[in-house]
Amino acid sequence: MGHGDLFTPILMGVMLGGLYALTALGLSMVFGVMRVINLAHGDLVVLASYGSYAVLTILGLDPVLGLVITIPVMFVIGVLIQKYLMSKAVTIGAEAPLIIAFGLSLVIQNTNQIMWTPLSRGINTRYSQASFYIFHRQFPMTYLMDFVVGIVVMLVLREFLRRTYMGKAISATAMDPRASRLMGVNTKRIYYYAFGIAMISAAIAGTFLGMTFPFTPTSGTTFLTIAFGTVIIGGLGSMMGTFMGGIILGLVQTLSAYFLGANAQMLVLYVVIIAILAFRPQGLFGR
Amino acid sequence: METEPILKIENIEVFHGTFQAIWGLSMEVRRNESCALIGANTAGKSTLLDTINGVLHPATGSIKFLGQEISKLDPFEIVDLGITQVPEGRRLFPEMTVLENLIMGSYTPNARKHCKENLKRVFELFPKVKDRQKQLAKTMSGGEQQMVAIGRGLMAHPQLIMIDELSLGLAPIIVDEIFRTIHQIKAQGVTVLFVEQNVAKTLMEADRAYIIETGKVSLSGTATDLRNDKNVHKAYFGV
């Protein structure tokens, strides 16, 4: 990349942002509805990456088609986590779900370690090496897919929350659980679905992250940081904010790599996150 | 005039953790009447409504709705059977429009079937609410919010609507309007049980009332009888 060509890092950053927003979506949803900070979110995303890796290497199925398997599996995992771990933990106190999530994170990391070894893996499909051109500049096809998928998932989720009774009940429960119960909403069951839906987004995020970057059993920490960063920049509870947060995060990453070198990109990312926490803790788009 | 009770509560005891809020309380609500609960703050009125609604469960005693024992059911089952509560402080969904709030009221399977007709009824009852249906709930005044909250309760297609703190915090002119709607709701065949601080007004408007003190019924009867009761006068009117 020669200097003076900002077009490439900017477009790369925006496309990556769609994927980051998708990664953050599940974290934001679980916090918004259950008020639980799911420290295991990054590891659950990696679990989905490994799931898609297994779908590709063991079943020989394209991982995007394989989502018909990974999505329901991750949904069920989400429901089970809420039903057997979180719903009991919240009755103990606010810190119990945090500790459970932390424990879950360690369990998933170590299970992945045992099953897949600490070696770095990548989901290599026939389009992994494909690229497309805009103004004679080359871009990886996977980045475009990340962006499109990020937007599609967010739009589908938004319409689901707005138009279906269950979606409305999820939004209502996030706003006021007591009032929702009095409307006849089975809030316990809504919590199961909310966690399950968060895991559907994690399944899709994990699959596309795995197609974009190599991953290891400890990549969950990075993914969690990305998700937190996105939510912190965008502000909680607003889907538009999450989307913009993802894009800003993607831009910060690609532009700092462009100007300061690849080694600096994560450092700059953290500095930006800390600066926003210090000066605008509700996020750039939060209320 | 004795009619069959729609709700019959017998000797319930209710706890918040280790704190006992209701002590052997019995009462009944008769079909198509307006019945009021009067009493000081923390007397247990809201606890009683939550217990009827299944948010809380009594440790002992029975609650029968249309002859069916409901004391062990959860709120989503009880709402579907036909009891709805308009909670204290209204608790509308702030980021939803008025119409979305009303639609949320018709969440249960039984209510969904009657969503359209109930929406029409609510709009007839509160024309103001119809005009403001696209507005966000949080941008409305207290009186308008109470109308939406009652409307949302009616969207559940209830046989019994329970309204906690009917007129608390509302301007006097709105209070009259809200009390008038009690009569209109009754006229549509829905039984009303409400909690109210304004004792004089309540005993003018309700059919019957229960006076609740420290988790027990201290006095009950028709509003007319209570209005003329010496003890009620002393306690609530100071004469």
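Predicted model: local features only at pLDDT ≥ 70, side-chain atom pairs only at ≥ 80, totals over all residues.
1. **Overall build.** Chain B has eleven helices and ten strands. Its radius of gyration is 17 Å, close to the 18 Å that the globule rule gives for 239 residues, so chain B is as compact as a globular protein of that length. Along the principal axes, its C-alpha atoms fill a box of roughly 45 × 40 × 35 Å.

2. **Burial and contacts.** Of the 239 residues in chain B, 45% are buried. If you take the contacts in chain B between residues at least 6 apart in sequence, 67% of them link residues at least 24 apart.

3. **The sheet.** Six strands of chain B form an open sheet with mixed pairing, in the order β6-β7-β8-β3-β9-β10. At the edges sit β6 (83-86) and β10 (216-222) of chain B, each pairing on one side only. From one strand to the next, the twist averages 15°.

4. Strands β3 (residues 34-38) and β8 (residues 191-195) of chain B run parallel and are joined by four bridges. To find the pair by eye, look for B:C35, which stands opposite B:L193 in β8(B). As background, strands of a sheet pair through backbone hydrogen bonds, either parallel or antiparallel.

5. **A helix on the sheet.** Helix α1 (residues 45-53) of chain B packs on this sheet, where it touches β3, β6, β7 (160-163), β8 and β9 (208-213) of chain B. The direction of α1 makes about 145° with that of β6(B).

6. **A helix with two sides.** Which residues of helix α5 (residues 115-125) of chain B are buried? They are B:N118, B:L119 and B:V122. Seen down the axis of α5(B), the buried residues fall within an arc of 105°, so they line one face of the helix. As for packing partners, the buried residues of α5(B) pack against α3, α6 (127-131) and α7 (142-154) of chain B.

7. **Where the chains meet.** In chain B, 19 residues are in contact with 14 residues of chain A. Helices α2 (75-81) and α3 (98-105) of chain B each supply at least two residues of the side that touches chain A. Sorted by class, that side of chain B has eleven nonpolar, four polar and four charged residues.

Key. Residues numbered from 1 in each chain as written. Chains lettered and ligands numbered in written order. Pairing = 2+ DSSP bridges. Axes fitted to C-alpha atoms, helices over the stretch in contact; angles between N-to-C directions. Contact = placed C-beta atoms within 7 Å. Nonpolar A, V, L, I, M, F, W, Y, C, P; charged D, E, K, R; others polar. Rg over C-alpha atoms; globule rule 2.2 N^0.38 Å. Buried ≥ 20, exposed ≤ 12 C-beta atoms within 10 Å, placed from the backbone. Arc of directions from axis to C-beta.
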